[in-house]
Amino acid sequence: MPSPAKREYLYIIVLYSLAYGLILLNRGLFLDDSVITGFMTNPDDLIGIYKEAGSFLYWPAYTHSFFFLLGDQTGIFLERLAIFLAYLASALLLFRTLGYIKEIAPTERLFIGIIFAVLSVNISRICISNMTYLCSLAFFVGLALLSAYFTNRKLVFRAAALAAFFFSFMTYSILVFFITALLLIAYFERERITGLSSLVRLGVRYLDFIMLPVIFWTVKSAFFVPYGAHSQYYSIKIGRASGVFEKIMRELSMPPFIIENSLFIQAAVIIALIVLLIFFRRAIMLCFKNRRSESLFFIAGLVILAAALLPYMMVGKFPRPFSYADRHSLLVPLGAAFTLYYGVKLLFGSWRPAFVPALISIFVIIFVYVNINSFSSFQRQYYKQISLIENIRLSDTIRENDTFIFVDETKGYNGFPGEVYRQYEWTWLFISAFGDEKRIGWSGTPGYCRGIIEYESIGHFRPEKKREMRFGDYTPGPPQYIVTVREGARSLHGFGGLAAFMAMDLSGSLRGSQALREIVSLSYSKLPDGIDICKGILPSGQGL
């Protein structure tokens, strides 16, 4: 394999750092972070969380504990640094692996590596909970070792690749994504594949790779079974499989007519595709004949992209962009990089070859800009969080009561604008302000009403679950106050507003400052005793 120039690695590192570097400046907690960071003083609670989730060997619990032991009591910086470096290492390993595929030219390899590195997906990687997805790094280690094995045929590389892949399966979606490794094996052994019988012989030759995901899932199913709130998390049902199209339509906010008639629409789409294939068959065949490698790489990209999405969609997890659901796009970049690059090359490669690098460069610039903008939004949310903590700490109303409904009018400051804080996110703010677990908060009256019913149904008010969810000393009761959160005198909007607070943060003058307290303001409305605020919100017979 030709050794890539050091400057090509540098291009990937620099562009990746521009796209994701803001992660390292952020000390906020997002989504599930407040449940699994260093605030979890009892390691047994961490193990309990991942045991209930059916996590293989409960390995994330030990990983989080490891970072806490290094001296970072919350694990925020060290874990974000590990996440940052892991995704970067995956990009560099992919770039090296592509060097073993002779049909991919050096320039193509560089562009694919850069797209993979900066593609604007999985913005949720800023969450500490994203540590559970770091097994994807082991997958790219496996691909690199597998490629090295085909170069020197040393069994040590084959065994190491198997070990890396086995570890990568601890992110369960990679069990399906493993088809990528099988495609790589087929590529290196392509001269042996002459028909069905040769394919069977090749399968026997690489039976260890074929059986690896089966062995892993057998062990996992026997010893690491999810339960409680996660009991159905990994269950695959035919109904979910047949409803994937309908799920996509709902997530894309399609009109009710299309959603309700999804089977009809599916049939119409299939018929339309068949008609298009027949109509353009000559052009398609000519393209495949004249540009076979590019066409095959484009198709391989589509297959890899489908393998990245399918495991999440089969369990009802659609990777919706610009929301926390985009964490389900963890495996999308590889297939997307191949599909985008070779799609552009198939369209413009013969007609205007100079368009290809120019257009791909424009895409890369857009991706980097979108990422910088997205992580700037999370920086705003971090400053909003610490402003909330300061205001809560100074509030006698919150100090002297325990159950609150929040009306948040500052959702524009959230990392994903419009996202609603979950119960444990409000609870973390209380813990940060007062150092105890006596209080609980809910977003909006419907959120409170439905949340109480859900928590009671899944047992979250049991003592051990209360401790895990960070309200261990809370006594359940009706809400006492509605707290309205509004924007304060100091704005975070625009580049100037954010830059001013970042400068104060980096200089160490932000904490405890008047400017910090003025980012948000709180107002309080006392709720009358004995009123059923859930009347008309919950189904009949479920009043509180």
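Predicted model: local features only at pLDDT ≥ 70, side-chain atom pairs only at ≥ 80, totals over all residues.
1. Find strand 1, which spans residues 403–408.

2. Strand 1 has a parallel partner in strand 2 (residues 440–443), and four bridges join the two. To see the pairing for yourself, look for Ile 405, which stands opposite Trp 442 of strand 2.

3. Now follow the chain from strand 1 to strand 2 by way of helix 22 (residues 423–434). Together these three elements form a β-α-β unit, and its hand is right-handed.

4. Strand 1 also pairs with strand 3 (residues 481–487), again in the parallel sense, this time over five bridges. A handy landmark here is Phe 404, with Tyr 481 of strand 3 opposite.

5. Rolling a probe the size of a water molecule over the atoms shows where empty space is left. How many cavities of 30 Å³ or more does a search of the whole structure find? The search finds two.

6. The largest cavity holds about 160 Å³ of space. Its lining has 15 residues, and the closest to the centre are Tyr 87, Phe 116, Arg 125, Leu 330 and Pro 333. Helix 1 (6–20), helix 5 (76–98), helix 6 (106–118) and helix 7 (135–152) each supply at least two lining residues. By class, the lining divides into eleven nonpolar residues, three polar and one charged.

7. The second largest cavity has a volume of about 30 Å³. Residues that line this cavity include Tyr 324, Gln 381, Asn 414 and Glu 425. Its lining counts three nonpolar, two polar and three charged residues.

8. Finally, visit the second largest pocket, with a volume of about 710 Å³. Of the 23 residues that line this pocket, Leu 183, Tyr 187, Leu 296, Phe 297 and Ala 300 lie nearest its centre. Two or more lining residues come from each of helix 5, helix 10 (179–188), helix 18 (292–313) and helix 19 (332–348). Which helix gives the most to the lining of this pocket? Helix 18 does, with eight residues. The lining is made up of 17 nonpolar, three polar and three charged residues.

How values were computed: Residues numbered from 1 in each chain as written. Heavy atoms only, no water. Buried < 20%, exposed > 50% of the residue type's maximum accessible area, 1.4 Å probe, protein only. Pairing = 2+ DSSP bridges. Right-handed = clockwise from strand over helix to strand, strands pointing away. 1 Å grid on protein atoms, 1.4 Å probe; cavity = no way out; pocket = protein on both sides within 12 Å on 5 of 7 lines; lining within 4 Å. Points joined across faces, edges and corners; volume = space filled by probe spheres on them. Nonpolar A, V, L, I, M, F, W, Y, C, P; charged D, E, K, R; others polar.
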